[in-house]
Amino acid sequence: MNDAIVVSHISKSYGKVEALRDVSFSVGRGEVFGLIGPDGAGKTSLFRILCTLLLPDEGTAAVDGFDTMRQMREIRRRVGYMPGRFSLYQDLTVRENLAFFATLFGTTVEEGYDSIRAIYSQIERFADRKAGALSGGMKQKLALSCALVHQPSVLFLDEPTTGVDPVSRKEFWDMLESLKERGITIVAATPYLDEVRRCERVAFLSEGKVQGIDAPDVILSRFKDVFNPPAIVPSAATQPQQAELAIEVHHLVKAFGTFHAVDDITFSVRKGEIFGFLGANGAGKTTAMHMLTGLNQPTSGTGTVAGFDIRTQHEQIKRHIGYMSQRFSLYEDLSVRENIRLFGGIYGMKPVEIKAKTETLLQQLRFEDHADDLVASLPLGWKQKLAFSVSIFHDPAIVFLDEPTGGVDPATRRQFWELIYEAAGRGITVFVTTHYMDEAEYCDRISIMVDGKISAMGTPDELKRTYGKPDMDSVFTYLARQATRSSD
Amino acid sequence: MNPFWSFVGKEARHILRDRRTMLILFGMPIVLMLLFGFAITNDVRNVRTVIVTSQQDHLTQQAVERLAASEYFTLTATVGTPQEAERLIRSQQADLSLIPAPSPKGEGSSRQWQIMVDGSDPNMAQQWTAYAQAILSQPISGKSHIHPSPFGEGVGVRLLYNPQMKSAYNFVPAIMGMLLMLICAMMTSISIVREKEKGTMEVLLVSPVRPLMIIVAKAVPYLVLAFGILVAILLMARFVLGVPLAGSLLWIVVVSLIYILLALSLGLLISNIADSQLMALLLSAMVLLMPIVMLSGMLFPIESMPQVLQWVSAVLPPRYYIEAMRKLMIMGVGIGDVLREVCILSGMTVLLLAVSLKTFKNRLE
Amino acid sequence: MLRYLIQKEFLQIRRNAFLPRLIIAFPIVIMCVMPWVMNMEVKNVRVCVVDNDRSTRSQQLVHDIEASRYFRFNGLKPTYAAALKEVETSKADVVLVVPQDYGRELELGRNPQVLIAANAVNGTKGSIGSSYLAQIVNRPLTRDGLSVQPVNAGLLSLYNPHQNYKLFMIPALLAIVMMLMTGFLPTLNIVGEKEAGTIEQINVTPVSKWAFILAKLIPYWLIALFVITVSLLLAWGVYGITCAGPVWLVYALAMLLALFFSAFGLIVSNYSDTMQQAIFVMWFFVVCLMLLSGLFTPTRSMPHWAYLTTYLNPMSYFIDAVRTVFIRGGGLHEVLRQLLALGGIGLIMATWAVKSYKKNH
């Protein structure tokens, strides 16, 4: 009875798709165990089986000494589970959500407060705001607080930090570490390498099979090509030094009531540049992006995008930009080819041109065999690459990418960035937001937003020099910790 | 706080926060009651009448005056030929036309008439002519303000339970049947399925709370809501529409509670089958609402339907509820006379509850 | 650009697990089941007779009732109270009480009073049932010429000589078809895109308001046209009912109604965030419009304040006009007023709909 979790020879398939094939491993009591692997590797199925939500086709699993098939009630009394798409009650306030989940797990907010202090204190000032009115990252923080408010003996976390900024992720893992000290066993799935390194052991799952279980460093180096692809070396061609400006913004403000989501920002982006637009959750990135793409009217300030005024000429702007949003933005019930044709047509491309370019694109992405598959059936990484390719299909002057690689494994992210470089090489200006600091290093220039203002701007090297930090991660952490408001 | 009540509180907040849906949930019964109570009637009233006449003689004059004096007919025009009258009816400017037959045979005998009526709506056409004939056949000496009986001379008619023939008497039980079903079954199923769709159900299932309790807690606020609406409908029926609550109030409430329980089990069953809100919505609308409105005798008499549809109607719970309510509320019979309906309803409730509990899943698919 | 958007909508409708089936099944259900259901024809009225006379005359009366297509004879009961019990347990709808000496009084040329007691909880059924029964009771009087003819007026029933209730209902059912196909479906579609977030993607493309809205509506208008055609064919094939007036007018009226419903649906979807909200709001308004439109009960019977609402109710114009064309054989001239009113209301709603749809906040 030393092991908190024992999994032996578990298999599970949905119809013809095999989600898990003969998976076996065990997790010791009080261990922090990582589950890593590409999207669709079977991580979520495994979590559900361990939480007694699914029955395996074959094999057995025991959690805290209880069998998942027969002793459902015992297990449910002892485990905590945060599913990948943990959803809060949008119409309840922050406080009500937390109180509800606390009672659900048989505890109170007061009792559990210590274990969530680090993260909950950041959103506590919005305790009476409805959860639906919070920004994406803030919701995730509230979800984390709700999942951690009780102290189960085993905690399952399915990609808990997707979309959360690096500073908050560090705080979150600090919290997990303190839970571990109380003897709580933690199993977590994550796409972030820095989080993988904080586990004691990790299992690498791919195509439903356990490829290896070991200490993080061992796994990361053994499967180097998947997790630690060689950094892209930007060629000289992608570093244009044209003076022409693609985006120019002066004193831009967007206020919702008395709250200034974007508070007087001024910056410019050169043509052909890859511009990283960083900031903590709720710093105002998405709002700023919405103003640039013509979805929102600025409250005050001026700006041009591709030479057009963002206040008056937003429809012309839309003709010259591409956009890929945080939420996946292709039509899931259309096939790959149909999506390409639709967006080509929307931008007024000729049918012949669409046809020719579609074939080239499919070849380039190596999607020829899946051209007629529904987008819904593709793995997440593929969808993201496709969404990006579609957003630049009409050769826009500028493409806006809003957290394009959230939740994607490192190898796919690398491929994604190759596409970005390729586009920049063709002269397309790239405006991108991300929470991955390794990606920040790939940008020509970056800006970091704190509390609605731009607090730093320059090339990654300049920023590292200015703040005397070894990498972008430290620069970001340093700046983001100065935030006084945590809002959306 | 005990998890059960915490659940109930959470669910109540969901309902209260969605203002628009709340507004409609409470607005609907009120508007429906008012419409059915006052606006929706089959009364013979304002029948636009055209007189076709070439010469105005004394008899015609008298008959026309009598017709015009009644509250049922409005004279809109006098035209020369039947063709013109027909054209007016065709273009929806008249409903009925009176054509006097050529000069009567002798003095003293009554005038012969030809009535031309817009027969598009057979029921109304039948009633209009019956009223017109009754007025025309009245003895000439009769006082014109006396209300004619459209039933002829030798017949006394007693309209039981609803002497003023208010349509509200018929519709109030039907509205109760429809709304209680709608609120309990549709709203409950959607609210359960929403949790499934949003992923919160996974967390709820993994929590130490028993799954069955989650469901029961979800049902409680809707039960209270349904009961509130029941009371509102009864109060409105009694004091605004003047529908008598002839039977025992206790039994009305008891039978309604059985029905509410049945609707909740149905809602649970739907939520077990559906996995998206849209599907739950369509299932409730297609499988519940449409058949209830159409087949349960709410608007259309069951006896007039073909046999096959009567069989379908026989398995619809609201049919028995509406029938029981009509008897208890309007006809004021004792519980003994609705025993059959109550037994069928109770049987259905037990069956549905058993099936829905049996199919309730503790795990995901 | 519009072409691609419309193509996309069609693809999505085809891929949907439910919609194609709905589009096929809906006209069939509406045309093959509804006319049988929405039948306010009063028939199979169950009659209990309390015969206090037991003469040949009264037996003749019972015989006449049995022979009538409106009534089902439900047996003789000894007393009025016993017969009333039958009504209370829903075994009978009408009680006919024949007085003592009914036969003899008739022979003497007097007018004996029979009593009809009808369950009037359902007012229509009660009154029409009793009036049919009264006709049967009064018939022997006419036949024997013993009394003054109570009915001295001939009747000419226009347009619907067989008193076919289905003929009355079928054209009106087209309104329900339009409501679902061009009102509810596009609304659900748009709110669905809102919930999925794909609408944001469309909003940053150069697709104009009009293109977006038209691309959403045109497929459903085409589907509605198809469904109407199928419905009309079914009406002809199943019931032998055809349009008495020009068919193109029926289509024109339907398309104007479609304009209204689509615009209304768009307005609702612009102001709703969830499908549930959109459906409830639409349902509420549609039920009110439908009840006040004259679909089931004549608008003329409504009290004055309720009648005034029909001036604003497009359903009411449509049902009026479509019945005029379909049943009464009216032409353009007869329904011009309704056409203009429908078009006007439709345009006002459409302007509001386009105004309230915002790409840029």
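**Figure 1. A salt bridge within chain A.** A salt bridge here is a side-chain nitrogen of Lys or Arg within 4 Å of a carboxyl oxygen of Asp or Glu. The model shown is predicted. A:Arg198 and A:Glu177 form such a pair, with their closest N and O atoms 3.6 Å apart. The two partners are 21 residues apart and link distant parts of the chain. A:Arg198 sits in the loop between α7 (193-196) and β9 (201-206) of chain A. A:Glu177 belongs to helix α6 of chain A. Side chains of opposite charge can pair when their charged atoms come close. Over all chains, the count by this rule is 53 salt bridges.

**Figure 2. The two domains of chain A.** Chain A splits into domain 1 (3-227) and domain 2 (236-320 + 396-480). Domain 1 of chain A contributes 21 residues to the contact, and domain 2 of chain A contributes 18 residues. Between the C-alpha centres of these two domains of chain A the distance is 32 Å. The size of an interface is often given as the accessible area lost when the parts come together. For domain 1 of chain A and domain 2 of chain A, the buried area is about 1,400 Å². Carbon and sulfur atoms give 60% of that area.

**Figure 3. Close-up of the domain interface in chain A.** One salt bridge is found across the interface of domain 1 of chain A and domain 2 of chain A. A:Lys170 pairs with A:Asp473 in a salt bridge, and their closest N and O atoms are 3.1 Å apart. Two residue pairs are in polar contact between the two domains of chain A, both at pLDDT 80 or more. On the domain 1 side, the elements that give two or more residues are α5 (136-148), α6 (166-181) and α9 (224-227) of chain A. The largest share, four residues, comes from α6(A). By class, this side of domain 1 of chain A has ten nonpolar, four polar and seven charged residues.

**Figure 4. Where chain B meets chain A.** The contact draws 28 residues from chain B and 29 residues from chain A. Together the two chains bury about 2,800 Å², and carbon and sulfur atoms give 58% of this area. On the chain B side, B:Arg17, B:Val206 and B:Arg363 lose the most area to chain A. Together these three residues make up 26% of what that side buries.

Figure 5. Three salt bridges cross the interface of chain B and chain A. In one salt bridge, B:Arg17 meets A:Glu96 at 2.9 Å, N to O. Elements giving two or more residues to the chain B side are α1 (3-17), α6 (167-198) and α7 (200-206) of chain B. The largest share, seven residues, comes from α1(B). The side of chain B that touches chain A holds eleven nonpolar, six polar and eleven charged residues.

**Figure 6. Confidence along chain C.** The mean pLDDT of chain C is 80, and 92% of its residues score at least 70. Helix α11 (residues 247-271) of chain C has the highest confidence, at 88. Strand β5 (residues 153-158) of chain C has the lowest, at a mean of 60. Over residues 142-152 of chain C, pLDDT stays under 50. For this stretch of chain C the model has 16 contacts beyond four places in sequence. The model scores ipTM 0.75 and pTM 0.79.

Terms used. Residues numbered from 1 in each chain as written. Chains lettered and ligands numbered in written order. Heavy atoms only, no water. Domains from an automatic or database assignment. Contact = heavy atoms within 4.5 Å. Buried area = accessible area lost by both parts, 1.4 Å probe. Polar contact = N/O pair within 3.5 Å; in protein donor to acceptor, adjacent residues only side chain to side chain. Nonpolar A, V, L, I, M, F, W, Y, C, P; charged D, E, K, R; others polar. pLDDT = per-residue confidence, 0-100.
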